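Biologist: I'm new to reading protein models, and I'd like to learn how to talk through one. Could you take me through it step by step?

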Amino acid sequence: MRNLGEKSSEWLLEIGVSKRSQIEAIGSVEIYRRLRQVGIPASLNLVYALEASILDIDWRELAPEAKVDLKQQIADLNLGKFKKYGKE
């Protein structure tokens, strides 16, 4: 998928996301939440890449306003700490 590397694509598969249409339906912030909940160290850059994928643009072309909005949505999740990826 556009903007996503091999590792990010593997992480998405771990939460059952394998198609762009699924990214669009679920949304970048909810995907981030799901990844973090299972201990995957998703980053804000991954959220930007997912959002850009939804918009069908390069992640570096994502508008600054969109980045600020996404960052605020992530902060609003108040995720706290999750288990480390790959550990039980």
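Modeller: The axes are lines fitted to C-alpha atoms, for helices over the stretch in contact, and angles run from 0 to 180 degrees between N-to-C directions. A note on the source: this is a predicted model, where local features need pLDDT of at least 70, side-chain atom pairs count only at pLDDT 80 or more, and totals for chains, interfaces and linings use all residues. Residues are numbered from 1 along each chain as its sequence is written, and side-chain values use heavy atoms, with hydrogens and water left out.

Biologist: How many helices and strands does the protein have?

Modeller: Helices (H or I, at least four residues) and strands (E, at least two) are DSSP runs, numbered from the N terminus. Here you get five helices and zero strands, so the pattern along the sequence reads α-α-α-α-α.

Biologist: How do α3 and α4 cross?

Modeller: Two packed helices are described by the angle between their axes and the distance between the axes. For α3 (residues 28–37) and α4, the axes come within 9 Å and cross at roughly 140°. That is why the two, α3 and α4, count as oblique to each other. As for handedness, a crossing is left-handed if the near helix is turned anticlockwise from the far one by less than a right angle, and right-handed if clockwise; α3 passes α4 in a right-handed crossing.

Biologist: Which residues in α3 and α4 meet?

Modeller: Contact means heavy atoms within 4.5 Å. On the α3 side you have Ser28, Val29, Ile31, Tyr32 and Leu35, and they meet Leu46, Val47, Leu50, Glu51 and Ile54 in α4. By class, this contact of α3 with α4 has eight nonpolar, one polar and one charged residues. For those classes, Ala, Val, Leu, Ile, Met, Phe, Trp, Tyr, Cys and Pro count as nonpolar, Asp, Glu, Lys and Arg as charged, and the others, Gly among them, as polar.

Biologist: What does the side chain of Glu51 make a polar contact with?

Modeller: A polar contact is a pair of N or O atoms within 3.5 Å; within protein, one must be able to donate a hydrogen and the other to accept it, and residues adjacent in sequence count only if both atoms are side-chain atoms. Glu51, in helix α4, makes one with the side chain of Ser28 (2.6 Å). Leaving out residues up to four places away in sequence, Glu51 touches Ser28, Leu62 and Leu70.

Biologist: Is Asp58 buried or exposed?

Modeller: Buried means under 20% relative accessible area, exposed over 50%, partly exposed in between (1.4 Å probe, protein chains only). Asp58 has 16% relative accessibility, so Asp58 counts as buried. You'll find Asp58 in the loop between α4 (44–55) and α5 (64–77). A polar atom of the Asp58 side chain lies 2.8 Å from the backbone nitrogen of Arg60.

Biologist: Which residues does Asp58 touch, not counting residues up to four places away in sequence?

Modeller: Those are Arg2, Asn3 and Ala52. Asn3 sits in the segment before α1 (6–14) and, at 22% relative accessibility, counts as partly exposed. Asn3 also has a positive phi of about 75° although it is not a glycine.

Definitions and conventions:
Angles under 35 degrees count as roughly parallel, over 145 as roughly antiparallel, 65 to 115 as roughly perpendicular and the rest as oblique.
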